[in-house]
Amino acid sequence: MRVFLTGGAGFIGSNLVKRLVRDGYEVVVLDNFVTGRLANVEEVADAIEIVRGDVRNLHDVEKAAKGAEGVVHLAALIDVAESVEKPRLYLDVNVQGTLNVLEAARQAEVFIFASSAAVYGKPVKLPICENHPLNPLSPYGATKVAGEALVAAYAATRGFRHVILRLFNVYGPNQSKTYAGVVTEFMRRTLRGEPPIIYGDGTQTRDFIFVDDVVEYFARAFAIEKVSGVYNVGWGKGVSISELANVVTLTLGRPELKPVYKPPRPGDVKHSVADVSRAYRDFGYRPKVQLKDGLKRVADALTSNAKNI
Ligand SMILES: NC(=O)c1ccc[n+]([C@@H]2O[C@H](COP(=O)([O-])OP(=O)(O)OC[C@H]3O[C@@H](n4cnc5c(N)ncnc54)[C@H](O)[C@@H]3O)[C@@H](O)[C@H]2O)c1
């Protein structure tokens, strides 16, 4: 199967590209390298086609998507705070971009869209299941709601199988320096000998899932025909940010670096935990990488190259 991936040079994309190459897929990547890096896909560069282009440009997307039977649309701007400052930019990249990918992917039999837990906003019920109301608190979250709706509407008219994966907090090697998630941010600071910064009192919880487990869900979304519609992708357990900071500093042998607390950021939700039973039922898979093991792998990747810190 020929698979077209947008954002394939990014954090999740590059890990997925390597897996799809191993599984024998023919892979084409479209990326404008705004946060993605060629180095992320270097080891498979000879086995894939890389098109430098922008999802906002239909011509670029059509060129790269030609003949693709499978599509994974990951390209997006992902910084919640920046989306508040630059909503129009986020709309252009995340919504117009999604429309272009749908327009261009005429031969697609399966279309997988990387959505986000940000579509839910403040939870009215925990754990959050897929039929929880969608009340995004940021333009970023709103663009994901719009993207999901476009994917579902095109699937209804064109008849392809569509899979929407609402990712919770994904962490792992290759996370972009610009928009590093909390895990990578805590790790980098600790490795520099600086204490982790916590916004709020640290009791807020997040649902962390290692990137290899996320990649497994994407790979299975291709392979398992009955997988269709919307799925939460997370571990299914909340970890408090204070606990995360402790585990990070302990893992890196710097327990004396006690977190610094700052005022909470507007729009941050208190608790976020996924109900993952639907994904488990249809994908037959539960995440395997324990937080402490995943953190060690991030630490190894960061320390192997000082430029990452
Ligand atoms: N990392 C997480 O915890 C998380 C959580 C929820 C959802 N997601 C979603 O997963 C997807 C991948 O996120 P990531 O963490 O790998 O981020 P990332 O920034 O590493 O990857 C995004 C990729 O898209 C590319 N890109 C951005 N704008 C583009 C454009 N206009 N044209 C072409 N390419 C463009 C970037 O260069 C990058 O390679 C995103 O859609 C994101 O919203 C991620």
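Strands β4 and β5 (residues 110-116) pair in the parallel sense over 4 bridges. Strands here are DSSP E runs of at least two residues, helices are H or I runs of at least four, and both are numbered from the N terminus. Two strands count as paired if DSSP finds at least two bridges between them. This is a predicted model: local features need pLDDT of at least 70, side-chain atom pairs count only at pLDDT 80 or more, and totals for chains, interfaces and linings use all residues. Residues are numbered from 1 along each chain as its sequence is written.

Stay with β4. Strand β1 (residues 2-6) runs parallel to β4, joined by 4 bridges. V71 is the bridge partner of F4. V71 also has a bridge partner in β5, namely F111.

Now look at the side chains. In a regular strand they alternate between the two faces of the sheet. In β4 (residues 70-73), G70 and V72 point one way, V71 and H73 the other. All four are buried, with 20 or more other C-beta atoms within 10 Å of their own; 12 or fewer would be exposed, anything in between partly exposed, and C-beta atoms are placed from the backbone.

Next comes the ligand. Domain 1 (2-170 + 209-233) and domain 2 (172-206 + 237-308) both give residues to its shell, so the ligand lies between them. The domain bounds come from an automatic or database assignment. Of the 32 residues around the ligand, G7, G10, F11, G36 and A76 come nearest. Helix α1 gives the most to the shell, with 3 residues. Among the other elements supplying at least two residues each are β2 (26-31) and α4 (87-104).

Notes. A residue is near a molecule or strand if its C-beta atom, placed from the backbone, lies within 6 Å of it.
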